[in-house]
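Visitor: I have a model open and would like to learn how to read some of its features. Could you walk me through a few?

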Amino acid sequence: MKSHAKAVVIGGGVVGASVLYHLTKVGWRDVVLVERSELTSGSTWHAAGGMHTINGDPNVAKLQQYTINLYKEIEEISGVSCGVHITGGLMLAGTKTRYDWLKMVHARGRYLGMDLEFVDLAEARRLFPLMETKYFVGALYDPIEGHVDPWGVTNAYAKAATIQGATVEKHNRVVELLHRPDGTWDVVTEKGTIHAEHVVNAGGLWAREVGRMVGLELPILAMEHQYIISEEIPEVAASEKEMLHIVDSDGEIYMRQEGKGMLMGTYERAGVPWSERETPWSFGHELLNNDIDRIAPSLEVGFRHYPAIEKAGIKKIINGPFTFAPDGNPVIGPVRGLRNFWVACGVMAGFSQGGGVGLSLANWMAHGDPGADIWGMDVARFGDWATMAYTNAKVRENYSRRFRIRFPNEELVAARPLKTTPIYDRLKAANAVFGDYWGMEHALWFAPAGTEPVEEITFRRSNAHPHVAAEVKAVREGVGLTEISSYGKFEVGGHGAEAWLSRMMANRMPAIGRVALTPMLNDRGRLIGDFTVARLAADRFFLVGTMAAERYYQRWFERHMPDRGVVARACANEWVGLSVAGPGARALLQKLVRDDLSAFPFLSFRSMDIGMAPAMVGRISFTGDLGYEIWMKPEYQRHVHDLLLDAGRDAGIRHFGARALHSMRLEKSFGTWAREYRPLYGPVEAGLGRFVAWDKPDFVGRAAALETRDAGGGPLRLCAFRVEAGDADAIGDEPIWHRGKPLGWVTSGGFGHSVDASLALGYVPKDVAGEVDGFEVEIIGVRRRATRLPEPAFDPKGARMRA
């Protein structure tokens, strides 16, 4: 066994083998995979092996397309067959709502280059003669679906990697991981120690155990998963073509051909975790005891929908564990605070996503960047609130809902409430409808007194619509109050703070008592954050950004932190916030502070007492109206909240929630992180070029961003649109058509109540971004006429915001 390696990959399932192969593709030959048993031990060997390109996250869908196209490559290199069966597939809809969902999938596929096609039920039955059409209303055909041989794929990855210089060590368990002071690792195995520069935890069922070796509790949990294999079915045996891959979401069933019968699997509502606290090292090529009663309700539906399977009978039942993250997406990337320690786990759809995971991680390790926008899979999306109990509750929920529709306005209930702020009870008493953001409860909108604070879930405008309109009206015509605690915050200090922040951020740092808005770029000159930077003193800064990306930012900051002179500390839970906005905001706040607010202009920031409470106040508002953001320690929030309500009562002050804020930021064409601002885009494309100090001598990403700017600014432009919608607004990921061709995509959408119009933000090619007419936005299968707005729909000159 080797004693030294550039990287050690722990785990010989499909994900670990893919990571190993992709490391050799980026030129790392001195890499070792260590597997406790045989390759595919754990979850891989008993997987159904299905593969598909469709995913709710378009960026993950692109990686799934890459994975499927990769199989031919690794077969050619390794000489090992992956057992690829491209059968095509049908996604079946049993209800009108599900059919609407399929229309949205079909629309998203347009700009992803997918060749999806609606077929009527007669054609669906011709393509898949086992179905009983009376249970369905429509079907979507995808030619790039099918299944593979799990053993073949895993061994093809491994063999291709070894041909390119890698080493595979089987029957050799890792027992300890020791971090040296220089950041390298001693990987202690049963057969000796390997000194490695990098370690990848691709432990699958044992990823938690490997994580615990370095003090890390990963948010993943294994669930028992069952599928059946039928006896021979005459229609299958007689067919000249292999049966299609089937997803019957309303029946909560997936199917494919297996031999001369069919494989039918389900994600049952009453899912059961496996080895909730720890995975036994002795578990290997084993299956779990069958529990057909647990999946009987789903099988009964399947037998009704596909009576030939019931007639044939069950030949075998497979029950094996698979790991899931709380949101069902993989967990990959570098771990903050553990230099050169990487994770690639929770990949339950390994044969659709394994190649993309390996590609992204190898790029990240070799080049410092995954090369794609994989925020939806980044380990940094989970905070310390994702405990074992939280993970258990959310994984159970996610598993039971795998085939159920997640409506755009739907808030899931498991593991809630978890984090609450001191005014949670006040907002609840005001009839708030709450949402969950990064584990924190926040008010979405407020139902009228005496009514149930419940929102109907729908793709269309809900019962919240008129009440959100009233909240927006209150802000635009008077004054509104909202909580803003659900932002990420950092305190940055030290004698080197200004120089460090100037290097990290693309804009100049503000003067004392002022605020700067600034993008943050990666080395490729792409957007990885947008911040409000307030300066309280020469060496003291307060940053406000996206709470969901707090760990992402921490990891990035630590990577670029100098040895001395700067301290950057995440403090999201130490500062809670309230904001007052609207024409009456200044008069309201003036009642409670000694400072003269007429001498406190736009983008000012300072410490003030609000009543008896010490606070920090910024003259800024995401509503695009006259407004103030007020930050205080949690123990003062109830006091400040009550003071603001009392002082604003005569002015008709009203609570407003996140839905109203969303409406108002669309009216101002304000973008937000994870929607308009992502690593897919550069600052010029996103309309943030004016917030980049191009003449600053050195900031991260400057060279790449400047090169792109000088070459035309990138291929895309963020635009705002007024949409002639019906009873449904764009929500995001809809295609934008121009003169009959789908050329772009929506990033955010909704209704602008102040301007009485459906609005959308989205990216289109720059050569059409200057046009006003000829656009359409496809909403639930209908192309709606859209007009590009050359300026924001509300207060285009920003006079109210700066008043």
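Guide: Helices (H or I, at least four residues) and strands (E, at least two) are DSSP runs, numbered from the N terminus. This is a predicted model, where local features need pLDDT of at least 70, side-chain atom pairs count only at pLDDT 80 or more, and totals for chains, interfaces and linings use all residues. Residues are numbered from 1 along each chain as its sequence is written, and side-chain values use heavy atoms, with hydrogens and water left out.

Visitor: What is the phi of Arg739?

Guide: Most residues other than glycine have a negative phi, and most peptide bonds are trans. Arg739 has a positive phi of about 50 degrees, although it is not a glycine. Ala674, also not a glycine, has a positive phi of about 75 degrees; Ala674 sits in the loop between α18 (658-667) and α19 (702-710).

Visitor: And which peptide bond is cis?

Guide: The one from Arg416 to Pro417 is cis, with omega near -10 degrees. Pro417 belongs to the loop between α11 (388-400) and α12 (424-429).

Visitor: Is Arg739 buried or exposed?

Guide: Buried means under 20% relative accessible area, exposed over 50%, partly exposed in between (1.4 Å probe, protein chains only). Arg739 is exposed, at 57%. Ile220, by contrast, is buried, with a relative accessible area of 4%.

Visitor: Where is Ile220, and what is it in contact with?

Guide: Ile220 is in the loop between α6 (207-212) and β13 (221-230). Contact means heavy atoms within 4.5 Å. Leaving aside neighbours within four places in sequence, the contacts of Ile220 include Gly204, Phe324, Val331, Cys345 and Thr391.

Visitor: How do I read a pocket?

Guide: Rolling a probe the size of a water molecule over the atoms shows where empty space is left. On a 1 Å grid over the protein atoms alone, a pocket is an open set of points where a 1.4 Å probe fits, with protein on both sides within 12 Å along at least five of seven lines; lining residues have an atom within 4 Å of a point. Grid points are joined across faces, edges and corners, and a volume is the space filled by probe spheres set on the points. Here, the second largest pocket holds about 760 Å³ of space. Its lining has 33 residues, and the closest to its centre are Pro334, Trp364, Arg555, Trp556 and Arg559.

Visitor: Which element gives the most to that lining?

Guide: α15, with 5 residues.
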